[in-house]
Amino acid sequence: METEPSHIMEGLLANVPFFLMGSASEIALNVLFIGLLLICSGLLSGSEVAFFSLNHHDKGALIEEQTNAAKRILALLDTPKYLLSTILITNNIVNIAIILVSNSLLQLLLPDNMSPLVNFAITTVLVTFLLVLFGEVAPKVYAKENNLQIAHIMSAPLSMFKRLFKPISWLLVNSTDLVERRLRDRINQRTITQEDIASAIELSVRGDEKY
């Protein structure tokens, strides 16, 4: 008696590891998204180092270059606080997307009966490792040595994101300025108070010497 094809397929599926039971297309799509998002995160992290490590010689070279990319770089550097806020906002959005997609991928790979605590631990460790290595450390090391190259690559995207997130950047920049002004005022008041106390002590000592 010949074995039916359906029984053969059931036997094969029974021997397939649990991490291959999810939809192959879903797994591949999630992996692809994570890879693309990590590249974006790396470019954004690297651009922070690249732009803010440009020296006067680099800026002079950009002025002489007179290309659209060079003009965009110089325009971004004219408002450093807005540039930094744009990079941070965009990078945070990308990192959140990486966490969400990674969680979706691990749900496909890990068995359903796994403890939520273990699932959370695996997700946290894996995502943290990926973000730190490929989204922070490696891109910043590379950007330090290739700052002009990264600045040219990221000038157009950052110019677009700067316009897109301008309301949020404006709120962050002005909030930061307000906090800085208040801290500066407190420091100045504290300095004045200390000087007044020192003057008062000096006057008191002189008064005692007269008597």
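In this predicted model, the crossing of α2 and α7 is left-handed, and the axes of these two helices come within 9 Å while crossing at roughly 120 degrees. The chain that holds them contains 8 helices and 0 strands, so that, read from the N terminus on, its elements run α-α-α-α-α-α-α-α, in keeping with how helices and strands are assigned as DSSP runs. Of the 211 residues of the chain, 27% count as buried.

**Packing of α2 against α7**

- On the α2 side the contact is made by Leu-43, Leu-44, Gly-46, Ser-47, Ala-50 and Phe-51, and on the α7 side by Asn-147, Ile-150, Ala-151, Met-154, Ser-155 and Leu-158.
- Sorted by class, the contact of α2 with α7 has 8 nonpolar and 4 polar residues, with no charged residues.

**Packing of α4 against α7**

- The axes of α4 and α7 come within 9 Å and cross at roughly 60 degrees, and α4 and α7 are therefore oblique to each other.
- The crossing of α4 and α7 is left-handed, and by class their contact has 7 nonpolar, 3 polar and 2 charged residues.
- In this contact, Ala-69, Arg-72, Ile-73, Ala-75 and Leu-76 of α4 meet Ala-151, His-152, Ser-155, Ala-156, Leu-158, Ser-159 and Lys-162 of α7.

**The nonpolar core**

- The largest nonpolar core has 28 residues, and those with the most contacts inside it are Phe-51, Ile-73, Leu-83 and Leu-158.
- At least two residues of this core are supplied by each of α2 (24-52), α4 (68-78), α5 (80-109), α6 (116-145) and α7 (147-164).
- Once its neighbours within four places in sequence are left aside, Leu-158 is in contact with Leu-44, Ser-47, Phe-51, Leu-76, Leu-83, Thr-86 and Ile-87.
- Leu-158 also takes part in the contact of α7 with α2 and is among the α7 residues that α4 meets.

**Contacts along the chain**

- Among contacts in the chain between residues at least 6 apart in sequence, 84% join residues at least 24 apart.

- Gln-66 lies in the loop between α3 (56-65) and α4, and although Gln-66 is not a glycine, its phi is positive, at about 60 degrees.

How values were computed: Residues numbered from 1 in each chain as written. Predicted model: local features only at pLDDT ≥ 70, side-chain atom pairs only at ≥ 80, totals over all residues. Heavy atoms only, no water. Core = buried A, V, L, I, M, F, W, Y, C linked by side-chain atoms within 4.5 Å. Buried < 20%, exposed > 50% of the residue type's maximum accessible area, 1.4 Å probe, protein only. Helix = DSSP H or I, 4+ residues; strand = E, 2+ residues; numbered from the N terminus. Contact = heavy atoms within 4.5 Å. Axes fitted to C-alpha atoms, helices over the stretch in contact; angles between N-to-C directions. Parallel < 35°, antiparallel > 145°, perpendicular 65-115°, else oblique. Left-handed = near helix turned anticlockwise from the far one by under 90°. Nonpolar A, V, L, I, M, F, W, Y, C, P; charged D, E, K, R; others polar.
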